Amino acid sequence: MGQYLSTDKKKVTATRFTGMKAEGEKIAMVTCYDYTSALLVDASGVDGILVGDSASNTMMGNATTLPITLDQMIYHTRCVTNAVRHAFVVADMPFGTVHGDKHHALKCAIRMMKETGADAIKVEGGRNIRKSLKLILGAGIPVVGHLGLTPQSVHKFGGYGLRAKETAEAERLLDDAKMLAEMGCCGLVLEKIPSDLARRVTESIHIPTIGIGAGPDTDGQILVMQDMLGMTQGFKPKFLRQFGNIGEEMIGAFDRYASAVKEGSFPAPEESY
């Protein structure tokens, strides 16, 4: 549980997120999956960390989020919570855990909270998971919803394109957002939907909305750490802004290390025992 960076900042909670929306303060979140990275994020001005099932892609190299298991998500979330003292940590519930049997969904949610120390869980879907949500929220587990492009439904959607472009889907999404808020969710991720719709949703519910590819009018934004730092090769969707070029810096450092080893300049006498 030790850490080499520390923060005296007050712990961010679900209540604080709601307060930030009321005060008009934007919420900054990133997706992160490991202890060392989480230490650095927690020492920054970032408010929240999502331990996303995108670990399936980013950390494991899978083509979709579907293969990652509950045990693997628990592992990644535990790594993050071991580092965090300040940020609000949300754990993603992977494919197959909350859809279907509501009692199985509750057991999975309880495991995630008990075994990780997360502050909340995130679930994809609206009215289709209402029964599961009722049990999970009834158990006192904070839940962040997720509407729009829900990657666990990639095969149903036929890809990762913009969602809710048509009126019918947009109205369904707005109704689902209101339902999630009324049921007691503490936040809502809106992914890859038109900006105007994201604004309508944000203005229609009392809980904070966190956008990714949903325009500037949500209550906050989230990006995958590796994407925003330029560590992901060949992934440049319209909504992604790179705030660093760590990938090239890392390759350069590895090259300098390899050269030093091969030319015999590392380790130097002062680096030897």
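Me: How far is the sulfur of Cys79 from the closest cysteine sulfur, and in which residue does that sulfur lie?

Reply: In general, a disulfide is a covalent bond between the sulfur atoms of two cysteines. The criterion used here is a pair of cysteine sulfur atoms within 2.5 Å. The sulfur of Cys79 is 9.7 Å from the closest one, in Cys32, which is too far for a bond.

Me: On what kind of model do such values rest?

Reply: This is a predicted model, in which local features need pLDDT of at least 70 and side-chain atom pairs count only at pLDDT 80 or more, while totals for chains, interfaces and linings use all residues. Residues are numbered from 1 along each chain as its sequence is written, and side-chain values use heavy atoms, with hydrogens and water left out.

Me: Is Cys79 buried or exposed?

Reply: The classes are buried (under 20% relative accessible area), exposed (over 50%) and partly exposed (in between), with a 1.4 Å probe and protein chains only. Cys79 is buried, because its relative accessible area is 17%.

Me: What is the case for Cys108?

Reply: The closest cysteine sulfur to that of Cys108 is in Cys185, 17 Å away, so the two are too far apart for a bond. Cys108 has 6% relative accessibility and therefore counts as buried. By the distance rule, the count of disulfides comes to 0.

Me: How many salt bridges does a search of the whole structure find?

Reply: Side chains of opposite charge can pair when their charged atoms come close. A salt bridge is taken as a side-chain nitrogen of Lys or Arg within 4 Å of a carboxyl oxygen of Asp or Glu. The search of the whole structure finds 11. One of them joins Arg163 to Glu169, with the closest N and O atoms 3.1 Å apart. Arg163 is buried at 16% relative accessibility, whereas Glu169 is partly exposed at 28%.

Me: Which residue does Glu203 pair with, and what separates the two along the helix?

Reply: Glu203 forms a salt bridge with Arg199, the closest N and O atoms being 3.7 Å apart. Both lie in helix α9 (residues 195–204); because they are 4 residues apart there, about one helical turn separates them. Helices are DSSP runs (H or I, at least four residues) and strands likewise (E, at least two), numbered from the N terminus. Glu203 is exposed, with a relative accessible area of 59%, and Arg199 is partly exposed at 29%. Elsewhere, salt bridges with shared partners link Arg16, Glu23 and Glu25 into one network.

Me: How many strands close into the barrel, and in what order?

Reply: Strands of a sheet pair through backbone hydrogen bonds, either parallel or antiparallel. Two strands count as paired if DSSP finds at least two bridges between them. Here 8 strands close into a barrel in the order β1-β2-β3-β4-β5-β6-β7-β8, with parallel pairing. On average, neighbouring strands of this sheet are turned by 25° against each other, direction ignored. Strand β4 (residues 120–122) and strand β5 (residues 143–148) run parallel and are joined by 2 bridges. Ile121 stands opposite Val143 in β5.

Me: Which residues make the nonpolar surface patch?

Reply: Ile246, Met250 and Phe254 make this patch of about 260 Å². Ile246 is found in helix α11 (residues 246–263) and counts as partly exposed, at 32% relative accessibility. Patches are made of residues with over 30% relative accessible area and no salt bridge; like charges are joined within 9 Å, and nonpolar side chains (Val, Leu, Ile, Met, Phe, Trp, Tyr) within 5 Å. Accessible areas come from the Shrake-Rupley method with a 1.4 Å probe, and for residues only the protein chains shown count as cover.

How values were computed:
Axes fitted to C-alpha atoms, helices over the stretch in contact; angles between N-to-C directions.
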